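Thanks for coming. I will walk through one model this morning, chain by chain, and then turn to the place where the chains touch.

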Amino acid sequence: MLIPSVPPQQRALLPEGRLSGPMPWVIAILMFLTLLAAAAGLGLWRSADGIGDAIAGRVTVQIVDANPETRAATAVRLRREIAAAPYVRAARGVEREEMVAMMGRWFGDLEGEDDPVLRELPMPALIDVDFVAGDADANLRALRTLINASAPSARATPHADWLGPVAQLIRSLAWIAVALVLMMSAATAAVVMLTARAALGTHFSTIEIMHLIGATDKQVTRLFQRRIAIDTAFGVALGTLVATAVMLLLGWQLSGVTSGLAATASLGVYGWLVLLALPLFGIAVGALTARWTLMSTLKKTL
Amino acid sequence: MNATPPPVARATGAMVQFDKVGLRYGTDSEVLADVSFNLQPGSFYFLTGASGAGKTSLLKLLYLTQRPSRGIVRLFGEDLVTMPRHRLPGFRRRIGVVFQDFRLIPHLSAHDNIALPLRIAGVSERDLASPVREMLSWIGLKERADARPATLSGGEQQRVAIARAVIARPQLLVADEPTGNVDPEMAMRLLGLFEALNRLGTTVIVATHDVHLISRVPNAQMMRLERGRLADPTGALLYPPANRI
C-alpha cells in the first residue's frame, strides 16, 4: 500500500504538522514541470507522426518547360501514365489556381481580383503522386524510370526530402521531453530520499525508543512512509492542478491556430491517459522511495 | 583472562549468560573484556563501577542495541550473537529499559508514553486503557495522565519512564543510572518501585554509583566493572561485598 494505514494513536508518535518542510512544494514544482514536459513530448510526438504519415510515400513531380502549351500537354500525359502505374495509388495534377493561391501568400495579391503579377508569373506544372503502401524507395526508383522515359525534363521530389528533417527534429525534441520526465522523476525520488533521511535524523530519539520497546522496522517505516507519502501526494496534487490549468490554457490558445505545426499538436486520448497516470506514478515513486530509504537506513542500526 | 568459564556461567536456568564477552567500538581498544556472569530469574543486581568502566556498554548488550565483538551472550536461553536482526524486536519486548535521562517522547502525554509498548505490541485501545490507568496509579501520577514530559518534574518523568518500561510485564528490567537526575528522596521512591517489580518476579539490574541506594536492597547482588572487566568473575557478590572489591 502506497499510503499505509497507521492507527491514530501511533500516528501521534510523529509530531503534528508537515514532516518535511519544503518537500511538498518542491514535489509540486517537479510535478508541474514533469506534466508540462510530458504534454510537450506527447504533442510533439503526435505532430511528428502526423508529418510522417503525411509525407510517407508522397512525391511531387515538377514539369519545367518554357512553353506553356507543351508543359500542359506533358503534364496531362505524364499524369495519365503515372496514374496507370501499379505502385501509384493516386496522381493528381495541381491546378494553377492552387499554385497562385500559395504563391500569393509570398508575393502578395490583390484580394479577389486577377493579380497581373501572379497571372504573368511562370509556374511549373505539378503532379502530386501518392504511392501504394510498400517500399517507398523502390516505388520512387520506378517512378523516376517512368519519368525519364516519358518526360526527361521532369523531376520527382519526395516530400520526405523537405519535411523529413523537420519531423526528425520534432521527434528529437519529443525524446528530450521524455528524458526530462525521467530526470524529474529521478529528482522527485532524490528529494524524497533526502527527506526520509532527514526525517530519520530528526526523529532519531523517537525511533531509538520505539526500537528499544520492540518496534519492528516495518512499524517504524510505515509511520514515516505514511507521512512522506501524504506530503508527496499533496505536492503532486498541487503540481497537477496548476499544470492542468496551464495545459488547458495552452490548449485553448492552440485551438485558434489553424496552420503550421501548431495545428497538428494535440495530446489524443492516450496522451491524456499518460498525463493522468503521471501523478499516480509520482506518488508511487515517492512512497516506494521513502519505504526503500527508510528500510535500508534502519537496517544499518541494530 | 579466565582459561575456563567461571562456575556460575555453567549454571542452568540463567536468564542471561555472558561468557568471555568482549566489546569494542570500531577499531578502538575493548571497552569490555572477558566479561562472564549469569543473571538468575527473579534476582536483583546492582552494576557498579567508575565512570568509563563500561557499565553502559554492558547494559547496551543486555538491552540489545549492541552485539559483542567476541564471546557468547545468551538471553532467555537463546544465543544473541548470531540471532538474525528481525528476531530482536520480539526479545526487546521482554526487556524493559530505564535511562538516567528518561528518554520520554516529548510530544506525547504521560498516558501515551506509558501506553507506547502496548500499542507497539498491537494491544487494542480498549485493552490497554485499564493497565495504563493502573500503572499511572502505581507511580502516583493518575492526576497527571495528560501532562507532557516537559511539564513534569525529573522524578515524575522517571516514574513515567519506569511505568513505560514495565507495563508490558518484561522479564528483565535494565536501568542505567535511573536515579542520577533525581533527589535522594525520589531515588528511594524509585528504588521502591524496582523492588516491587522484583518481588513480582522481574529480574532487575540497576547500574549506579550510589552506594546508599545499594545498601537499601539487602538481598541484591552486586557486580562491579573496572576498566571493562568484571572485578568479581562470579558476579554474585552480596552487598556489602565480603572482600570489599
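I start with a term: a residue is buried if 20 or more other C-beta atoms lie within 10 Å of its own, exposed if 12 or fewer, and partly exposed in between, with C-beta atoms placed from the backbone. By that rule, buried residues make up 45% of the 245 residues in chain B.

Now the conventions. This is a predicted model, where local features need pLDDT of at least 70 and side-chain atom pairs count only at pLDDT 80 or more, while totals for chains, interfaces and linings use all residues. Residues are numbered from 1 along each chain as its sequence is written, and chains are lettered from A and ligands numbered from 1 in the order in which they are written.

Let me stay with chain B. Its secondary structure comes to seven helices and 11 strands. Helices here are DSSP runs of H or I with at least four residues, strands are runs of E with at least two, and both are numbered from the N terminus. I will also speak of contacts: two residues are in contact if their C-beta atoms, placed from the backbone, lie within 7 Å. Of the contacts in chain B with a separation of 6 or more, 68% are between residues 24 or more positions apart.

On to the strands of chain B. Two strands pair if DSSP finds at least two bridges between them. Strand β1(B), residues 16-23, runs antiparallel to β2(B), residues 32-39, and five bridges join them. In that pairing V16(B) stands opposite L39(B). β1(B) also pairs with β4(B), again in the antiparallel sense and over five bridges. There, F18(B) has V73(B) as its bridge partner.

Which residues of helix α1(B) are buried? They are K55(B), S57(B), L58(B), L59(B), K60(B), L61(B) and L62(B). That is seven of the eight residues in the helix, which spans 55-62.

L64(B) counts as buried because it has 22 C-beta neighbours inside 10 Å. R169(B) also has a positive phi, near 55°, and sits in the loop between α5 and β7 of chain B. R169(B) has 14 other C-beta atoms within 10 Å, so it is partly exposed.

Next, chain A. Four of its strands form an open antiparallel sheet in the order β2-β3-β1-β4. The edge strands, each pairing on one side only, are β2(A) and β4(A). From one strand to the next, the twist averages 25°. Inside the sheet, β1(A), residues 58-63, and β3(A), residues 125-131, pair over six bridges, with Q62(A) opposite L126(A). Helix α6(A), residues 136-150, lies across β1, β3 and β4 of chain A and runs at about 165° to β4(A). For such angles, axes are lines fitted to C-alpha atoms, for helices over the stretch in contact, and the angles run from 0 to 180 degrees between N-to-C directions.

Now the cores. A nonpolar core is a set of buried Ala, Val, Leu, Ile, Met, Phe, Trp, Tyr and Cys residues joined through C-beta atoms within 7 Å. The largest has 123 residues, and those with the most contacts inside it include L35(A), A38(A), Y45(B) and I162(B). Helix α2(A), residues 23-55, gives the largest share of this core, 17 residues. A second, separate core of 17 residues includes V59(A), V61(A), F131(A) and I147(A).

Last, the interface. 16 residues of chain A are in contact with 21 residues of chain B. On the chain A side, α1(A) and α8(A) each supply at least two residues, and the largest share, five residues, comes from α8(A). By class, that side has nine nonpolar, seven polar and no charged residues. Ala, Val, Leu, Ile, Met, Phe, Trp, Tyr, Cys and Pro count as nonpolar, Asp, Glu, Lys and Arg as charged, and the others, Gly among them, as polar.
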